Amino acid sequence: MNAAGGRRRPPTIHDVAREAGVSRGTVSRVLNGGHYVSPAAQEAVNAAIRRTGYVVNRHARSLITGRSDSIGFLLTEPQERFFEDPNFNVLLRGCTQALAAHDIPLLLMLAGTEDERRRITRYITAGHVDGVLLVSSHSGDPVAEQLRGAGVPLVACGKPIGLGSKVSYVAADDRDGARDMVRHLLSLGRQRVGMVTGPLDTPGGVERLAGYREVLADAGLDFDERLVVSGDYSRASGEAGGERLLERAPDMDAVFVASDLMAQGVLAALRRAGRRVPEDVAVGGFDDSPAALATSPGLTTIRQPWDRISTEMVRVLLAQIGGEDPAAVILPTELVKREST
């Protein structure tokens, strides 16, 4: 409180300049990236910021730079999926931490309906965020195309179907990960390997099914449609998929499930049918999410490098905001063996 009993005035850029013994322009250059500032001056300004407790006025900066100094994390799925699927939370946390290193806040946006997508697209294209990290883009979803057409910097998690090289993306190697899992199941002597796919209008759904089919072909096994059912990455769809596989192919001795959360559902269906895991049916998942550690027995799965995915999404997006061309990054996966196989 000041002498008059009012609220203490927050420190300004002028206070920082006076404390550091430099000009206001030097402080401004440090705050905007440190270009054309000597190391000694930069250290003096940073020390003065710490001593004065100065905090950047983002609103004032945005008026000057034309930027919002914030990034949107856009999930085009129903809200309940955000709370059910642990992958979204892991990815959100990683992106938040990566942006914190640049002092940039992340805004969570959930758009699971057409009306929500329309409202959020208007909000984004009005300039309220500088760029978007797009998660779970289905084919036919117009959001990515609309944002790209509006010139909004955009990086997708997974390759957006139908947009090719027009949109930056970061993805795990879904097809190679699926190949590793199916090869592992066959190496155990299993011959009737079923699959619960992800949504076939998403890149992960398409690529993981392709990997499954390729390994069966390489092993000289015919593709049997009775052994494949589709899911939507939810636990409930995994349980329903497991039940359908048991009805259609009761001789199934292994199943590759395109997400750990769906694998939880498949395990429940197998237990209810009296099938032992892995003695009767070996089960493999995909993601190595917290859901894989919550199963009994422990779930063999494909590990996606979530930390690297989130870090690379942020890196590619900030580069694009800085004027670089769209880029694609594909990261390797890893087979993690546990007791379900």
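This briefing describes the fold, sheets, packing and selected side-chain pairs of one protein model. The model is predicted: local features require pLDDT of at least 70, side-chain atom pairs count only at pLDDT 80 or more, and totals for chains, interfaces and linings use all residues. Residues are numbered from 1 along each chain as its sequence is written, and side-chain values use heavy atoms, with hydrogens and water left out. The protein has 14 helices and 12 strands, where helices (H or I, at least four residues) and strands (E, at least two) are DSSP runs numbered from the N terminus.

**Overall features**

- The C-alpha trace spans about 80 × 40 × 40 Å along its principal axes.
- Of the 341 residues, 52% count as buried (buried is under 20% relative accessible area, exposed over 50%, partly exposed in between, with a 1.4 Å probe and protein chains only).
- Among contacts (heavy atoms within 4.5 Å) between residues at least 6 apart in sequence, 70% join residues at least 24 apart.

- Strand β1 (residues 71-75) runs parallel to β2 and is joined to it by 5 bridges; Leu75 has Leu110 of β2 as its bridge partner.

- Strands β6 and β8 pair in the parallel sense over 4 bridges, with Val196 opposite Val257 in β8.
- Thr197 belongs to β6 (residues 193-197) and is buried, with a relative accessible area of 1%.
- Beyond its neighbours within four places in sequence, Thr197 contacts Leu209, Val228, Val229, Ser230, Gly231, Ala258 and Met262.

**Aromatic pairs and charges over rings**

- There are 3 aromatic pairs, counted when rings of Phe, Tyr and Trp (its six-membered ring) have centres within 6.5 Å; planes under 30 degrees apart are stacked, over 60 edge-to-face and the rest tilted.
- The ring centres of Tyr212 and Phe223 are 6.5 Å apart and their planes stand at 80°, so this pair is edge-to-face.
- Tyr212 lies in helix α10 (residues 203-218) and Phe223 in the loop between α10 and β7 (228-230), so the pair ties together parts that are 11 residues apart in sequence.
- Tyr212 is buried at 0% relative accessibility, whereas Phe223 is partly exposed at 30%.
- Phe256 and Phe286 form a tilted pair, 6.4 Å centre to centre with 45° between the planes.
- This pair links distant parts of the chain, with Phe256 in strand β8 (residues 254-257) and Phe286 in the loop between β9 (282-284) and α13 (290-293), 30 residues apart.
- Phe256 is buried at 0% relative accessibility, and Phe286 is buried with a relative accessible area of 0%.
- Arg208 lies over the face of Phe286, 3.9 Å from the ring centre; the criterion is NZ of Lys or CZ of Arg within 6 Å of the ring centre and within 35 degrees of the ring normal.
- The charged end of Arg213 sits over the ring of Phe223, 3.7 Å from its centre.

**Cysteines**

- The structure holds 0 disulfides (a disulfide is a pair of cysteine sulfur atoms within 2.5 Å).
- Cys95 is in no disulfide, and its nearest cysteine sulfur, that of Cys157, is 7.8 Å away.
- Cys95 is buried, at 0% relative accessibility.

**Helix α1**

- In α1 (residues 13-20), Ile13, Asp15, Val16, Ala17 and Ala20 are buried.
- The buried residues of α1 pack against α2 (24-31) and α3 (39-52).

Conventions. Two strands pair if DSSP finds at least two bridges between them.
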